[in-house]
Amino acid sequence: MLSQLLVLDMPHAVGLIEFLTNYTFRNMLVGTTIIGGASGALGCFLYLRKQSLTSDVIGHSAIAGVMIAFIFATVVLSIEGRSMFVLTIGSIIAATAAVLMSNWISRDSRISLDAAMAICLSLFYGGGIVLMRIITHSTLQGRGGIDKYMFGNASTLTRADIYTIVFFGSLSIIVMMLFWKEFKVFSFDPVLSETLGFSYRTLNPLLMGTATVAIVIGVKAVGLILMIAFAIMPAASARQWTKRLSTMVLLASILGAGSAAFGSFLAVNIGKVPTGPVVVLVLFTVFCFSLIAAPERSVLRRALIRRAKTRELEALARERDNVPVRNHDVDKSVAGALVTVESVGR
């Protein structure tokens, strides 16, 4: 009986040609691919600066911007409140404010950065939920479906939405390329960046703002909750394969875009499954493969090296016990092996 129900619920298979020529599927493919590529590239800087949770702050804080932008557009400007261009601008403003506020609290007080992020995330997310509740029970025009932005719905993307995604995604990539040298130095060594004349007060808001733009463009297609995966998983996967920032950014962008495209195709063929969660599962699969198969930083290779060094350490210890005359030389070898084992462990 269960097998019969599963067969009945399965949709007909969608071929590649139909997927590319169908208006809804094509918009879904283009939108999620651009989102995955842009957020994956800019997410590398958050990952390298050990501020991966910043993308979580951006995603959760953007809900306040979405709701405020909807109210402002509907009540004050008397325009379509659910326009993606309007909602994206509101998300950018709110999310950037939350990120800068958390950095300001951490810098000018004794509160740690993670605590400051938690405070700002809770503040903006809670405020956004309250506003969403008010909107859904109001008489504002176009209020129906505003809560769908929490989890996104890529199948509702229109051509105007695609233009908005392309505009803001291209803008974030262009800014990254124009300030590549400054972002690179600032991400690895903020002190050196200040020494070279790159102001922290200028670069930090610029980098955070650019990353915010790349992340919040997925507000309608992916949703506010899952954007952290689009920003961090491609960067974490790419980091396993390379030591160069330029290669990492390019690879993260490719992995993000490719996973989004394949996830969209998979979601359509599964049927009645949100695209965002399926893409996240694909990104996680790529991440697990990178952890296992990356030549330099794979888990298996590091485990083999650690085991070999442990055996070497045990052999040196036995040699020290058996040959007292060479204790000094053996002690030096044991110390060197210990350092190697510890470095591999890190």
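Hi everyone, let's start with a helix pair: the axes of H4 (residues 53–76) and H10 (residues 200–216) come within 10 Å and cross at roughly 60°. That makes H4 oblique to H10, since angles under 35 degrees count as roughly parallel, over 145 as roughly antiparallel, 65 to 115 as roughly perpendicular and the rest as oblique. On the H4 side the contact (heavy atoms within 4.5 Å) is made by Thr54, Ser55, Ile58 and Ala62, and on the H10 side by Met208, Thr212, Ile215 and Val216.

A quick word on the source: this is a predicted model, where local features need pLDDT of at least 70, side-chain atom pairs count only at pLDDT 80 or more, and totals for chains, interfaces and linings use all residues. Residues are numbered from 1 along each chain as its sequence is written, and side-chain values use heavy atoms, with hydrogens and water left out.

Axes here are lines fitted to C-alpha atoms, for helices over the stretch in contact, with angles from 0 to 180 degrees between N-to-C directions. Helices are DSSP runs (H or I, at least four residues), numbered from the N terminus.

Now the second pair. H3 (residues 23–48) and H7 (residues 159–178) have axes that come within 10 Å and cross at roughly 20°, so these two helices are roughly parallel to each other. Among the residues making this contact are Val30, Gly31 and Ile34 of H3, with Ile165, Val166 and Gly169 of H7.

Which helices each supply at least two residues of the largest pocket's lining? H3 again, together with H12 (245–270). Thanks, all!
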